[in-house]
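Open the model in your viewer and keep the selection panel at hand. The tour goes stop by stop.

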Amino acid sequence: MIAAVTTDRASASEPTPAQTERAVELREQIARHNEAYYEQDAPEVPDVTYDKLARELRDLEEQFPELATADSPIATVGGAPNQQFAPVEHRQRMMSLDNSFDADELVEWASKLQRALDGQAVPHYVCELKFDGLAVSIRYENGKLVQAATRGNGRVGEDVTHNVLTIADVPHKLKGKVPEVVEVRGEVYMSLADFAALNKAQVEAGEKTYVNPRNTAAGSLRQKDATVTASRKLSFWSYQLGEVVGGPELASHSDTFDYLRSLGFPVNDHSRVVETVDEVLSYIAEYEGKRHDLPYDVDGVVVKVDSLALQNTLGFTARAPRWATAYKLPPEEQTTTLLDIEVSIGAGGQATPFARLEPVFVGGSTVATATLHNQDQVKEKDVRPGDTVVVRKAGDVIPEVVGPVLSERPKGLPEWVFPTECPVCATPLIRPEGEARNRCPNYTCPQQIRGRIQHFVSRGAMDIEGFGESTVDLFVTEGLLEDVGDIYSLDFERIGEMEGFGKTSVTNLQAAIEESKSMPLGNMLFGLRIQHVGATVGELLAAGFGNLDALLGADTEQIAAIEGLGPIIAESVHAWFAEPDHLAVVDKLRAAGLKLEGPEIIDVEQTLEGLTVVVSGGLTGFSRDEVQTAIKSRGGKSPGSVSKKTTALVLGENPGASKVTKAEEHGIPVLNEAQFVELLETGIVPES
């Protein structure tokens, strides 16, 4: 994107030609983005990019008032109404909100309020989640829904009554004592679950998937056919009143919420009344941490003066109320330059394209690579090295390239072509019929060997500490490992001579490998990376057959007969053990003394059903295997890491510090061994 022209308030009394040109350019860009966002439901750039452009123009216009124009896009709200819908003139304008991007700006907003109130402090604020949807106004006369309209440009919106009537959250008739007229304002949105279900249906139908819930909700509300809107399962939150005739006298914005509930409207339960700006900032910090726990997208927090009398005193600017601000949470979408597209080879031979990016801070971390999924996705998105692209990263989700900013594409930029050969071993790539991915068919491809070994030693499989990605890469490169069976016959004398491997690290690695021999059979089966065999299926196979030899001798029907499995998994397992190369690996594991017997069937009360218990460190009364058996035989889960879903963390000798830290962050109970025994017996988490 074109670089911003820096403004200098101290040294400039009139705009330079460059600043004048930049203001014109910014107005054109912002107007184009307004049209794409508000009128076409197809924004070209993420909100954070738009906000930067708007702020730059606002700064220029404030510094040089002669640059401001009557039709400046930052002085207007939204976009022009869509001509395919009948226009609706709002009786009270639907205004936009000014933004605060950090704590200092929020404090400055509050200070302006106090100055405007002649030094009087605001007694109460209301904090609300800022939903990422489409603002609408719904009008009721004598309790009956008569009209619904989009915000449009704030003065005139679009009539979407027939579509709003299909939204289950929106009452057609109001409850209780209804006013003569009431206009309710709120947000139409699509829940994350409904968005995922819609995209799943699109994939199954061979249709194009949708990019995000906000644009999908907006497009769904603007359908000519209301049955299409109904099929999209839109939702609605109410949050404000517009025109009211014959209603009660309300003193505060928070009273509005109670009134809306009494009429039958859905009101979000996460709103909160607070007294100080510090409490506002605490609310923001709380929901910044919780944003991915919510079943819908939010992109900020709206802060309002609670007193309606003070709202009237403070009034409005040309586009926004002075008594409210929208605090923007850190962006989950950013724009950056796509430097190159490369292809990685996975443990199963999958050839996956990924993007090399100009590093950009998004979703709480700096991102330099992002997934592009497969060949078809690259073609569909039409991203090319040299493009300005939109990158999305939501919480712990892997970063992905959403698409290019076509208006920024350099002329003549060539289309990227998927390679025909494996970038590691040069074997021609294949694409099996019915699959979305290209594959390298060479089982001995060094990158596939690395991937299979990394999976085998991972925490969910054999959990061999000290066997990280760099170690695997080194050992494969040096010819020490050709398959997972070689782990148990490593040449430790040679390893001890390698740079970075002192006596202690070699001893620790030996001990970790030796300890892994006692891991349950289910973990080993999962570690072999048989297609369709995850951790749960590995446990079912181990328990169902009792030992590895029984599984090796089973046919597909016997495997499929295990409860929880089926013919697809059975075919995959049977085919894997029919391969001579795979049987050779199994022989190495057998010779090394790995545990090939399944778990003993224990008939105990299911005290831990639905609970997740993580154990860190050694316990005196249980071996590592016995800990897993004790938890799982009682219906519980015992993953290797702590998450917000963990019920309790049990600490033994030499526990992992990171597990303790995560437990403290999530408020998870930490138990000792005696308390663990009590938990096993009762299913009740003792007070730690």
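The expected span of a helix is 1.5 Å times one less than its number of residues. Keep that rule for the first stop. Note also that this is a predicted model.

**Stop 1: helix α21**

Select residues 580–592, which form helix α21. Does its length fit the rule, or depart from it? Its 13 residues should span 18 Å at 1.5 Å a residue, and the end C-alpha atoms lie 19 Å apart, which agrees.

Now colour the buried residues of α21: H582, V585, V586, L589 and A592. Where do they fall when you look down the helix axis? They sit within an arc of 120°, so they line one face of α21.

Next, show the neighbours. Then step just past the end of α21 to G593. This glycine takes a positive phi of about 90°.

**Stop 2: helices α3 and α9**

Select 103–116 for α3 and 277–290 for α9. The two helices pack at an angle of about 145°, and their axes are 11 Å apart. Their crossing is right-handed.

Which residues make the contact? On α3, show A103, L106, V107 and A110. On α9, show V277, V280, L281 and I284. Colour these by class: the contact has eight nonpolar residues, no polar ones and no charged ones.

**Stop 3: T471**

Go to helix α13, residues 469–477, and pick T471. Is T471 buried or exposed? Its relative accessible area is 10%. The cut-off for buried is under 20%, so T471 counts as buried. Show what surrounds T471: leaving out residues up to four places away in sequence, T471 touches G466 and F501.

**Stop 4: the whole chain**

Zoom out and switch to a cartoon. The protein chain holds 24 helices and 20 strands. Its C-alpha atoms fill a box of roughly 80 × 65 × 55 Å along the principal axes. Colour by burial: of the 688 residues, 48% count as buried.

Finish with the contacts. Take those between residues at least 6 apart in sequence; 67% of them join residues at least 24 apart.

Conventions: Residues are numbered from 1 along each chain as its sequence is written. This is a predicted model: local features need pLDDT of at least 70, side-chain atom pairs count only at pLDDT 80 or more; totals for chains, interfaces and linings use all residues. Side-chain values use heavy atoms; hydrogens and water are left out. Axes are lines fitted to C-alpha atoms, for helices over the stretch in contact, and angles run from 0 to 180 degrees between N-to-C directions. Helices (H or I, at least four residues) and strands (E, at least two) are DSSP runs, numbered from the N terminus. A crossing is left-handed if the near helix is turned anticlockwise from the far one by less than a right angle, and right-handed if clockwise. Contact means heavy atoms within 4.5 Å. Ala, Val, Leu, Ile, Met, Phe, Trp, Tyr, Cys and Pro count as nonpolar, Asp, Glu, Lys and Arg as charged, and the others, Gly among them, as polar. Buried means under 20% relative accessible area, exposed over 50%, partly exposed in between (1.4 Å probe, protein chains only). The arc is that of the directions from the helix axis to the C-beta atoms.
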